[in-house]
Amino acid sequence: MPENRHLLILGGTGEAAALAHAAQARFGETLSITTSLAGRTAYPAPLTGAVRVGGFGGATGLGAYLRAHRVDILIDATHPFAATMSHHARLAAEAAGVPRLMLIRPPWVRQAGDHWIGVPDLVAAAATAAALGRRIFLTVGGGDLAPFARFRDRYFVIRLVDPPETPLPFAAYDIVVGRGPFALADETRLIAEHAIDLLVCKASGGAATAAKLVAAREAGLPIVMVDRPAPEAGDSVASVGAALDWLAVRLAGDATAARGMIDRDGGAS
Ligand code: NAP
């Protein structure tokens, strides 16, 4: 295996953090790992390997980064709703000739007793939530609150990773600060204590934030769920383990190609 292949992980998710850790454990020093964060959270969880923070400046900027930092492999492990970043990743990787994999967590599956109302976007989510609920638990993230704020006669419990620096433009609300994974008992208590009658979330998938779905089902609450954006074209896997296997094949392929070059140059075979 050639030394010091450079893997860039587009992160901001638990899966990206787990991937960086597991890839370093499996491939050791042969792999230099950099995780890229957008910089949305004030105190990101610790990460294995190097970390860079902030936007690249569109697909062109990311392409320049891939070349300047000699990135050999790109894994897009961003959140399923980070569609712009994933689009830029595809364009930049194609232009730079860098192999790219998407790690996309599996979607949640509706179960008996669930009352999910799928909506295409956050504007539709806000209108639907206001039509059906009065005390609404909002878990769409801090960047997507604006469509909900115009419903002045509704009360919201808004869960955020970081406390907001300024008051939110809602008429009636409470903030709950928290970062997943969330336990079912805590979600059940939150729903009861705030007399929640409706939950709004994105169809994010994954285990870390799934307990709220169970708590809502058990409490008989409807869930307004924003559909996922369509994924980008290209190789994708649904688990960290599968991403590691894909990476192993890539690295082995590089090693084979490198051996072939040494052979052609008359070096040792
Ligand atoms: P987005 O709308 O797809 O991306 C907007 C811009 O943010 C991108 O064009 C890029 O700026 C920058 N960006 C996004 N992810 C980046 C990354 N990992 N590293 C460097 N720059 C990044 O993304 P988003 O939905 O705002 O998500 C931002 C981050 O939060 C992502 O890392 C994502 O995994 C994480 N996250 C998102 C959600 C969600 O619901 N959307 C939930 C949990 C975590 P430039 O064009 O300047 O490169």
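Contact, as the word is used in these legends, means heavy atoms within 4.5 Å. The structure is a predicted model, in which local features need pLDDT of at least 70 and side-chain atom pairs count only at pLDDT 80 or more, while totals for chains, interfaces and linings use all residues. Residues are numbered from 1 along each chain as its sequence is written, and side-chain values use heavy atoms, with hydrogens and water left out.

**View 1**
Leaving aside residues up to four places away in sequence, Ala93 touches Leu66, Leu74, Val98 and Arg100. Ala93 belongs to helix α3 (residues 83-96); helices (H or I, at least four residues) and strands (E, at least two) are DSSP runs, numbered from the N terminus. With a relative accessibility of 2%, Ala93 counts as buried, where buried means under 20% relative accessible area, exposed over 50% and partly exposed in between (1.4 Å probe, protein chains only). Ala25, by comparison, is 68 residues from Ala93 in sequence and 25 Å from it in space, C-alpha to C-alpha.

**View 2**
Six strands in the order β6-β11-β10-β7-β8-β9 form an open sheet with parallel pairing, two strands being counted as paired if DSSP finds at least two bridges between them. Strands β6 (116-119) and β9 stand at the edges with a single partner strand each, so one side of each is left without a neighbour in the sheet. On average, and with direction ignored, neighbouring strands of this sheet are turned by 20 degrees against each other. Axes are lines fitted to C-alpha atoms, for helices over the stretch in contact, and angles run from 0 to 180 degrees between N-to-C directions. Within the sheet, strand β10 (residues 198-202) and strand β11 (residues 223-226) pair in the parallel sense over four bridges, and Val224 in β11 is the bridge partner of Val200. Helix α5 (residues 184-193) lies across β7 (135-139), β8 and β9 and runs at about 155 degrees to β8, whereas helix α6 (residues 211-219) lies across β6, β7, β8, β10 and β11 and runs at about 155 degrees to β10.

Rings of Phe, Tyr and Trp (its six-membered ring) pair if their centres lie within 6.5 Å, and planes under 30 degrees apart count as stacked, over 60 as edge-to-face and the rest as tilted. By this rule there are four aromatic pairs. The ring centres of Phe56 and Tyr65 are 5.2 Å apart and the planes stand at 70 degrees, so this pair is edge-to-face. Phe56 is buried at a relative accessible area of 16%, and Tyr65 is buried at 12%. Phe156 and Phe170 also form an edge-to-face pair, 5.0 Å centre to centre with 70 degrees between the planes. Phe156 lies in strand β8 (residues 155-160) and Phe170 in the loop between β8 and β9 (172-177), so the pair ties together parts that are 14 residues apart in sequence.
A charge sits over a ring if NZ of Lys or CZ of Arg is within 6 Å of the ring centre and within 35 degrees of the ring normal. The charged end of Arg52 sits in this way over the ring of Tyr65, 5.3 Å from its centre, and that of Arg159 sits over the ring of Phe182, 3.6 Å from its centre.

**View 1. Salt bridges between parts of the chain.**
The whole structure contains 10 salt bridges, each a side-chain nitrogen of Lys or Arg within 4 Å of a carboxyl oxygen of Asp or Glu. In one of them, Glu15 pairs with Arg105, the closest N and O atoms being 2.9 Å apart. Glu15 lies in helix α1 (residues 14-27) and Arg105 in the loop between β5 (100-103) and β6, so the pair ties together parts that are 90 residues apart in sequence. Arg105 counts as buried at 13% relative accessibility.
Another salt bridge joins Asp144 and Lys202, with the closest N and O atoms 2.7 Å apart. This pair links distant parts of the chain, Asp144 being in the loop between β7 and β8 and Lys202 in strand β10, 58 residues apart. Asp144 is partly exposed at 24% relative accessibility, whereas Lys202 is buried at 12%.
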